[in-house]
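Look at the sequence and the model below.

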Amino acid sequence: TYNQPFDIDKNQPGINPEFTIQFNNAVKTIRINDTSLPQGVTIDTCDATDSWTANSTASNLTEDNINYASGSGSLSFDVTTGTGSISKPLPSQLDLSNQINQASLFYYLYLPTGSQLTSTEIRWGSSPSDYYSRVLTTTNEGNAFATGWNLIRADWLGATVTGTPDVTA
């Protein structure tokens, strides 16, 4: 359906499942309205540097309000050589017990030169020593990393477990 009737009908009981395609800053997304699907959980919008830390060879962590794929901005940082990362502890506990081994974590990654990245890793857990992780070498669509915005999907099922993460914390 078109975006306007989709927005009017979304989350209304008794409406047949429907979808619409949305373009935002040259990024195409599919929006699905199906009240039988479980609601997603936003872990962080990644549009402000609050509590984020640059680690390893990452530096110049800033908020970019000009080049972003969703929300009101994006996090921007440099990695000169090797491995760089950013991390953030959540301000409060987040119970993901309804998501375990069913959910996928999605994030956009902007690359000025896509061919220079070989992999990206995402970690989520209850502490720096108790977490789940996925190392990803392709985009959500299974393509090689490209110059520009790349949508990355990390499936929880099959993630590497380190320590004993608590999904309720």
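## D7 and its partner

D7 is partly exposed, at 35% relative accessibility. This model is predicted. D7 pairs with R31 in a salt bridge, and their closest N and O atoms are 2.5 Å apart. D7 sits in helix α1 (residues 3-9) and R31 in strand β2 (residues 27-33), so the bridge ties together parts that are 24 residues apart in sequence.

R31 has a relative accessible area of 18%. The cut-off for buried is under 20%, so R31 counts as buried.

## Other salt bridges

How many salt bridges does the count come to? The total is four. Among them is the pair R123 and E121, with closest N and O atoms 3.2 Å apart. E121 is partly exposed, with a relative accessible area of 40%.

R153 and D155 form another, at 2.8 Å from N to O. R153 is partly exposed at 31% relative accessibility. D155 is partly exposed too, with a relative accessible area of 25%.

## Y68 in its loop

Y68 lies in the loop between β3 (53-64) and β4 (74-87). Which residues does Y68 touch, leaving out those up to four places away in sequence? They are N25, G73, S74 and W149.

Y110 is 42 residues from Y68 in sequence. In space, the C-alpha atoms of Y68 and Y110 are 8.3 Å apart.

## The largest nonpolar core

In soluble globular proteins, nonpolar side chains tend to be buried together. Here the largest nonpolar core holds 16 residues. Which of them touch the most other members? They are I122, W124, Y132, I152 and W156. Strands β5 (104-111), β6 (120-127), β7 (130-136) and β8 (148-155) each give two or more residues to this core. The largest share is four residues, and it comes from β5.

## Y132 and its contacts

Y132 is one of the core residues that touch the most other members. Neighbours within four places in sequence are set aside here.

Conventions: Residues are numbered from 1 along each chain as its sequence is written. This is a predicted model: local features need pLDDT of at least 70, side-chain atom pairs count only at pLDDT 80 or more; totals for chains, interfaces and linings use all residues. Side-chain values use heavy atoms; hydrogens and water are left out. A salt bridge is a side-chain nitrogen of Lys or Arg within 4 Å of a carboxyl oxygen of Asp or Glu. Buried means under 20% relative accessible area, exposed over 50%, partly exposed in between (1.4 Å probe, protein chains only). Contact means heavy atoms within 4.5 Å. A nonpolar core is a set of buried Ala, Val, Leu, Ile, Met, Phe, Trp, Tyr and Cys residues joined through side-chain atoms within 4.5 Å.
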